[in-house]
Amino acid sequence: MWLRILPMPWPLGLKHKGRLNMYTPKTYAEKMKGKRGWRRIANALGYSCHGVRFACAEPGFRQLLWLHGALMLILCFAGFGLAVSMILVLASFVSIVVELLNTGIEAAVDHTSQEQHALAKGAKDVGSAAQYIMLAALAILWIMAIIGSTSS
């Protein structure tokens, strides 16, 4: 009797593969959610790989990868201490993550509308500013690392 009083968060009585199913996804987004265990991890890895491939289609992202690749190569031969090297590697990875987010923002804004709009421009400009600030921070860290290694 008390079950009739409580609102149910799922549609009751839907059949799936011959058994009573409490929830049947209706949209693409709902179908992508709800995986469990290793399947969920494998799917997430696949989505991540697709996202990196999508970002690599952007010339700006490819340029950033070349820049960070060159910086990592320089880092291998620079002879910085472990702590300095770790900070520089972390800053490079954060810069790549910021660019991935920026690329995602730009793709979402472009998908929403190709027309010029102040909010769309603002969203793209904020993503670009985040990347600019991260690159400035990376440059400052490299300058500090170089000055610190030559003074000691």
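Me: Why does Leu 90 count as exposed in this predicted model?

Reply: The relative accessibility of Leu 90 is 54%, and since exposed means over 50%, the residue falls on the exposed side of the cut-off.

Me: What is known about Leu 138 and its helix, and which other residues of α6 are buried?

Reply: Leu 138 is itself one of the buried residues of α6, a group that also holds Ala 120, Gly 127, Gln 131, Met 134, Trp 142 and Ala 145. Buried here stands for a relative accessible area under 20%. What covers these residues includes α4 (59–78) and α5 (82–112). As a general point, an α-helix has 3.6 residues a turn, so residues three or four places apart point the same way.

Me: How do you know that the span of helix α6 agrees with its number of residues?

Reply: Helix α6 runs over residues 118–151, and at 1.5 Å a residue its 34 residues should span 50 Å. The end C-alpha atoms are 49 Å apart, which agrees with that expectation.

Me: What makes the pair of Phe 80 and Trp 142 edge-to-face?

Reply: A search of the whole structure finds one aromatic pair. In this pair the ring centres of Phe 80 and Trp 142 are 5.9 Å apart, and their planes stand at 70°; because centres within 6.5 Å make a pair and planes over 60 degrees apart count as edge-to-face, the pair takes that name.

Me: Which residues does the UniProt annotation "transmembrane region" cover, and how much helix do they hold?

Reply: According to the unreviewed UniProt entry, the annotation covers residues 70–94 and 129–148. In the model, residues 70–94 are 88% helix and 0% strand, with end C-alpha atoms 16 Å apart, whereas residues 129–148 are 100% helix and 0% strand, with end C-alpha atoms 28 Å apart.

Me: What are the elements of the protein as a whole, and how many of its residues count as buried?

Reply: The protein has six helices and two strands, which run α-β-β-α-α-α-α-α from the N terminus on. Of its 152 residues, 18% count as buried, and of the roughly stated accessible surface, about 11800 Å², 70% belongs to carbon and sulfur atoms.

How values were computed:
Residues numbered from 1 in each chain as written. Predicted model: local features only at pLDDT ≥ 70, side-chain atom pairs only at ≥ 80, totals over all residues. Heavy atoms only, no water. Helix = DSSP H or I, 4+ residues; strand = E, 2+ residues; numbered from the N terminus. Expected span 1.5 Å × (residues − 1). Buried < 20%, exposed > 50% of the residue type's maximum accessible area, 1.4 Å probe, protein only. Contact = heavy atoms within 4.5 Å. UniProt positions renumbered as here; feature names shortened; annotations may be inferred. Phe/Tyr/Trp six-rings, centres within 6.5 Å; stacked < 30°, edge-to-face > 60°. Areas by Shrake-Rupley, 256 points an atom, 1.4 Å probe, with all protein chains shown as cover.
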